[in-house]
Amino acid sequence: MKKFSHTLIRGTAAMALLTGALAAQAATYNFSGTVVSGPQLGQLLSGQFSFDDAADALAGPDGTVALTGLSLSFLGQTFQLGQAVDPYAQFEGGQLIGPNAGFSGFAVPGATLQLQSFFGSSNFTYNAGGLYSLGELSISAV
């Protein structure tokens with residue numbers, strides 16, 4: 001029953017978006033994580049992302065939605081949406097899994113950070129000189 005009503009709400013929002021009757025509203029989420037393996041063991045990552053809630057309805061149960069806002073802090077640096085490569089929110093089975101985005105520009109030349117959400121979980125990897133650090137993300141609505 002719960003799935004049916006969620007589908008109905010998403011379908012109603014999609015129809016309203018198509019007819020222009022629904023004003024854009026941002027859905028905003030916080031995320032945080034800790035490196036659980038690799039050279040950066042124990043380092044913390046935190047941030048916030050948002051997307052147009054009406055666009056969520058058009059994504060379908062296993063779709064993606066472009067992010068309209070993203071900021072994160074990791075290893076003493078802060079990154080914003082404009083610095084992200086391919087930023088989007090991932091949905092599976094009608095449920096938000098988390099953000100996806102790539103970042104570079106760390107103090108270590110060639111280092112990259114990748115937020116990854118798929119197969120029901122959300123995590124991140126940090127690669128500096130071929131040494132990978134892995135962490136899991138926790139997502140919560142604002």
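**Notes on the aromatic pairs in this predicted model**

1. The count comes to 12 aromatic pairs, taking rings of Phe, Tyr and Trp (its six-membered ring) as paired if their centres lie within 6.5 Å. Planes under 30 degrees apart count as stacked, over 60 as edge-to-face, and the rest as tilted.

2. Have a look at F31 and F49, a tilted pair with 6.0 Å centre to centre and 45° between the planes. Strands here are DSSP runs of E, at least two residues, and helices are runs of H or I, at least four residues, numbered from the N terminus. F31 is buried at a relative accessible area of 3%, and F49 is buried too, at 0%. Buried means under 20% relative accessible area, exposed over 50%, and partly exposed in between (1.4 Å probe, protein chains only).

3. F79 and F103 also pair up: their ring centres are 5.4 Å apart and their planes stand at 45°, so this pair is tilted. Again distant parts of the chain are linked, with F79 in strand β4 (residues 77-80) and F103 in strand β6 (residues 95-104), 24 residues apart. Both F79 and F103 are buried. They belong to a cluster that ring pairs build from F74, F79, F103, F106, F124 and Y126.

4. On the fold as a whole, the protein chain has two helices and nine strands, in the order α-β-β-α-β-β-β-β-β-β-β from the N terminus. Of its 142 residues, 35% are buried. Among contacts (heavy atoms within 4.5 Å) between residues at least 6 apart in sequence, 49% join residues at least 24 apart.

5. The accessible surface is about 7,700 Å², and 58% of that belongs to carbon and sulfur atoms. Areas come from the Shrake-Rupley method with a 1.4 Å probe; for residues, only the protein chains shown count as cover.

6. Now for confidence: pLDDT (the predictor's confidence in each residue, from 0 to 100) averages 86 over the protein chain, and 83% of the residues score at least 70. Over residues 1-21 pLDDT stays under 50, and the model has 17 contacts beyond four places in sequence for that stretch.

7. Some housekeeping. Residues are numbered from 1 along each chain as its sequence is written, and side-chain values use heavy atoms, leaving out hydrogens and water. As this is a predicted model, local features need pLDDT of at least 70 and side-chain atom pairs count only at pLDDT 80 or more, while totals for chains, interfaces and linings use all residues.
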